[in-house]
Amino acid sequence: MKYITSAIGRKQLMAVTGLAWSLFVLSHMAANLLILFDAEAYNKYSHALISNPAIYLAEAGLLLTILAHIVNGIRLTIENRSARPQKYAMPTNGEKAARFQSKWMVYHGTLLAIFLVWHLLTFKFGTVYMVTYNGVEMRDLHRLVLEVFQDPMYVAGYLLCMVAVGFHLSHGFYSAFASLGLSHPRYMSLMNKFGYLYALIIAAGFISQPIYVYCIAVR
Amino acid sequence: MGGTNGKKLNLKLKVWRQKNSKDAGHFEEYDAKDISTDCSFLEMLDIVNNKLILEGKDPIAFDHDCREGICGSCGMTINGNPHGADRGTTACQLHMRRFNDGETIVIEPFRAKAFPVLKDLTVDRSAFDKIIQSGGFVSVNTGSAPDANAQLVPKEKADLAFHAATCIGCGACVAACANSSAMLFTSAKISHLGLLPQGEPERDRRVLKMMETMEEAGFGNCSNTGACSLACPKDIQFENIANLNAEFLRASIRSRD
Ligand code: HEM
Ligand code: SF4
Ligand code: FES
């Protein structure tokens, strides 16, 4: 049996790709917090990223990773659903019910996939404003962000998706370590708690930005 | 027995009836009258069945054997939960005092593609036997019995292996899993045999073979929801699944097949 096509092999692929993206979203969230403080620093940071040729490698890596995660995740879910052709009249409940977000991975995951496309269209491929600091011309992404987050509908949609990423990670982060074989109950229970904290930090960090722009920055 | 002062319950049952594996199946309603709270769940079904037999009707088929929670024969989904709502309990050890007078109880078979319904609440769990046959064994030398304690086993590992060995193969883990995965069952066997020095010679081949068989039998993959462990009457721990993942990775790397 080939490892990479086996049930556990594919599960571990989910884990590795999911963890890679978990790290990426953490760095993306943390760096973008600059929006709360300083327009120039925000623009200079993004300029430093996109003017570095290594960005193409990073982008290709991220794209490949998320595609593997999505294709594999959807395939696993289809297989898993077909393993129970006749559904139950009643679901497990009470003390025997698993946390709901663990059974909804494909739903908040799909929302995240849609969000990613929407997000790239708005910002990466959105309106290009320019600004010059000390003679260096660069994209004025700060202006674009401020403009985009003035639309309450956009902000609402964004918040919904960030709640989804929170739910996805509140199970996914811990689950990835279980998939990779971390089995000691002490560290598992620690990871479970840390997973919730991680999910909360990511969701809250991303949510703070449109809220700040909508409620404070442009008032 | 102390009992519960001869309290009696009147219940409505919604029971899955299915003639055979080809039949589509449907729910049928029954009254269970004057049920003592001292009855076990299966005794309650016996009472309903006696009445059905007297009426010339087909009794409800369900699996059972020991009725003391050790054989793994009984198994049905009661109000959505395999073996009923109580943790660490088999259906045969579930008692009617856990139900309220006038309650409606929905009773379904364990549902999974790998566990086809044979009739009503009985399902074919021979897919588990296939998993066991593919690797759930150890090789021992024949001849005179070895000295006791000749082989050293760390107490901690012995305890973990022992607890994993309490799995009775009932299939509730599969029934509870949103993916109908047999990972908890399989992982219990991997821990039971693989943690001990006696299981070492087959360690890598065992995990590869048993997982291959599990997949072929039509069980789903694991999403780490943990529903299996919550439903398990023997409280087999989720950590066994994580251990299985590690064992599988290790064996895949080392395997020369
Ligand atoms: C922000 C991007 C994302 C991150 C950080 C992320 C992270 C994770 C992590 C850490 C896991 C746990 C892996 C495991 O259980 O071993 C996971 C599982 C999963 N993800 Fe994502 N994910 C992301 C996007 C997506 C997208 C776009 C989809 C689209 C369908 C998706 C679908 C799934 C599914 C279905 C699972 C569960 C698979 C299973 O049943 O075990 N994820 N994700
Ligand atoms: S692991 Fe628990 S639920 Fe699964 S077969 Fe064994 S005893 Fe039953
Ligand atoms: S009948 Fe043996 S465990 Fe229930």
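## Where the ligand sits

A residue is near a molecule if one of its heavy atoms lies within 4 Å of it. With that in mind, ligand 1 is found between chains A and B. There are 26 residues around ligand 1, and those that come nearest are A:Lys11, A:His69, A:His168, A:Ser175 and B:Ser223.

Before going further, a word on the model: it is predicted, local features need pLDDT of at least 70, side-chain atom pairs count only at pLDDT 80 or more, and totals for chains, interfaces and linings use all residues. Residues are numbered from 1 along each chain as its sequence is written, chains are lettered from A and ligands numbered from 1 in the order in which they are written, and side-chain values use heavy atoms, with hydrogens and water left out.

## Polar contacts and the shell

What does the side chain of A:Lys11 reach in ligand 1? An N or O atom of the A:Lys11 side chain is 2.5 Å from an oxygen atom of the ligand, a polar contact (a pair of N or O atoms within 3.5 Å). From chain B, the side chain of B:Ser223 places an N or O atom 2.6 Å from an oxygen atom of ligand 1. A:His168 has a polar side-chain atom 2.8 Å from a nitrogen atom of ligand 1.

Helices here are DSSP runs (H or I, at least four residues), numbered from the N terminus. In chain A, helices H1 (7-32), H3 (54-82), H5 (105-122) and H7 (152-179) are the elements that each give two or more residues to the shell around ligand 1. H1(A) gives the most, with 7 residues.

## The iron site

Look now at the iron atom of ligand 1: A:His69 and A:His168 both coordinate it through NE2, at 2.0 Å. Donors are N, O and S atoms within 2.8 Å of the metal (3.2 Å for Na, K and Ca); water is not among the atoms, so sites may look incomplete. The iron site has 6 donor atoms with angles of 88 to 180° and is octahedral, a term for six donors with opposite ones over 155 degrees apart and all others between 65 and 115. Because A:His69 lies in helix H3 of chain A and A:His168 in helix H7 of chain A, the pair ties together parts 99 residues apart in sequence.

Are these two histidines, A:His69 and A:His168, buried or exposed? Both are buried, meaning under 20% relative accessible area (1.4 Å probe, protein chains only).

Technical notes
A polar contact is a pair of N or O atoms within 3.5 Å; within protein, one must be able to donate a hydrogen and the other to accept it, and residues adjacent in sequence count only if both atoms are side-chain atoms. Four donors count as tetrahedral if all angles lie between 85 and 135 degrees; four count as square planar and six as octahedral if opposite donors are over 155 degrees apart and all others between 65 and 115; anything else is irregular. Buried means under 20% relative accessible area, exposed over 50%, partly exposed in between (1.4 Å probe, protein chains only).
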